[in-house]
2 protein chains.
Amino acid sequence: MKQDGRLARMIHVIVHMGLLDGRETSETIGRMLNTHPVVVRRTMGMLKASGIVGSESGRGGGWKLLRTLDQITVLDVQRALSETSLLPPGISGDHPACPVERATNAALIQAFARAEEVLSDRFSELSLSAIAAAALAGE
Amino acid sequence: MKQDGRLARMIHVIVHMGLLDGRETSETIGRMLNTHPVVVRRTMGMLKASGIVGSESGRGGGWKLLRTLDQITVLDVQRALSETSLLPPGISGDHPACPVERATNAALIQAFARAEEVLSDRFSELSLSAIAAAALAGE
DNA sequence: TTTTTCGCAACTTCAATTGTTACAAAAAAG
DNA sequence: CTTTTTTGTAACAATTGAAGTTGCGAAAAA
């Protein structure tokens with residue numbers, strides 16, 4: 001499948017919006033991401049459902065942050081974009097009753113769950129204001 | 001993209017072969033995994049290139065383990081199947097010069113690298129004999 | 001009423017694994 | 001030497017999920 005770049009793209013957008021502190025239209029954001037405005041609406045819609053951004057129709061409308069950057073973590077954005085596991089272990093379901101398959105899947109699931117915990121912990125302590133600061137510092 | 005189930009499938013196969021300690025044809029393994037023999041050859045070929053299994057053509061041929069289960073780790077199998085990163089961070093490349101995009105990508109890459117380290121460490125200490133033992137214990 | 005903008009449905013495109021067909025090569029059996 | 005079994009490989013269709021695109025409706029301001 002094509003790689004999922006939504007997390008990186010949405011963080012990029014939110015940090016820009018936080019730094020500019022203004023409204024942006026899907027058209028403007030689309031140019032920022034080199035993509036189609038409809039893709040922007042589709043993805044930003046998920047952030048809206050999680051209360052990270054709001055939108056307004058009509059002239060003068062667009063997207064607006066509902067929180068400041070230090071009130072948004074990478075984990076917030078990630079959760080808004082995906083209901084499923086962050087790291088799918090890629091288990092097999094060829095013979096559900098086979099004890100070897102079961103033990104294999106269990107071992108993989110457990111290993112991925114540990115790694116996911118590390119990733120989630122890091123994401124939860126990484127605020128978008130920290131990324132904004134790093135960008136301004138020119139790292 | 002479609003989910004990659006090769007790691008789980010190959011571990012499944014190797015554990016079975018280690019427990020039976022015999023040769024298996026692609027046909028037999030294909031039935032074990034509910035898949036086509038050509039898919040088996042394709043994937044097992046990667047394990048062969050890494051020296052985990054060997055193969056012989058012709059009548060009476062097939063696939064054979066070149067190491068015992070306690071000499072094969074999940075990491076060995078994973079590395080045999082993929083040259084690329086275990087956990088691709090899904091960065092964006094829309095505006096390579098934008099400092100916000102760069103800071104975002106850097107933060108994600110670092111976070112995923114930490115998680116990958118945890119996963120690799122676990123995989124390196126998880127031998128296929130441990131999975132075999134768990135399967136026999138009926139967990 | 002016109003213009004701007006989000007919202008949404010219905011495609012096409014794209015990348016990666018999986019599945020399938022066909023055929024060559026090797027090795028044992030007869 | 002021919003037949004049978006089995007790997008090896010090339011080529012292509014099927015599948016899955018994200019990304020891109022088109023078209024139209026709804027809302028809100030000018």
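The model is predicted. Around DNA strand D there are 30 residues. DNA strand C is surrounded by 30 residues.

**DNA strand D: who is there**
- A:T35, A:H36, A:R42, B:R41 and B:K48 come nearest to DNA strand D.
- Sugar and phosphate make up 64% of the DNA strand D atoms that come within 4 Å of the protein.
- The surface near DNA strand D has six nonpolar, 12 polar and 12 charged residues.

**DNA strand D: contacts and elements**
- Backbone N or O atoms reach phosphate oxygens of DNA strand D from A:G5, at 3.1 Å, and from B:S26, at 2.9 Å.
- The side chain of B:R41 has an N or O atom 3.3 Å from a phosphate oxygen of DNA strand D.
- α3(B) gives the most, with four residues.

**DNA strand C: who is there**
- The closest residues to DNA strand C are A:K48, B:R6, B:T35, B:H36 and B:R42.
- Of the DNA strand C atoms within 4 Å of the protein, 65% are sugar or phosphate, and the rest belong to bases.
- Six nonpolar, 12 polar and 12 charged residues form the surface near DNA strand C.

**DNA strand C: contacts and elements**
- B:R9 places a polar side-chain atom 3.2 Å from a phosphate oxygen of DNA strand C.
- B:R42 has a side-chain N or O atom 2.8 Å from a base oxygen of DNA strand C.
- A polar side-chain atom of B:R59 is 3.5 Å from a sugar or linking oxygen of DNA strand C.
- α3, β1 and β2 of chain A each give two or more residues, as do α1 and α3 of chain B.
- α3(A) has the largest share, four residues.

Terms used:
Residues are numbered from 1 along each chain as its sequence is written. Chains are lettered from A and ligands numbered from 1 in the order in which they are written. This is a predicted model: local features need pLDDT of at least 70, side-chain atom pairs count only at pLDDT 80 or more; totals for chains, interfaces and linings use all residues. Side-chain values use heavy atoms; hydrogens and water are left out. A residue is near a molecule or strand if one of its heavy atoms lies within 4 Å of it. A polar contact is a pair of N or O atoms within 3.5 Å; within protein, one must be able to donate a hydrogen and the other to accept it, and residues adjacent in sequence count only if both atoms are side-chain atoms. Ala, Val, Leu, Ile, Met, Phe, Trp, Tyr, Cys and Pro count as nonpolar, Asp, Glu, Lys and Arg as charged, and the others, Gly among them, as polar.
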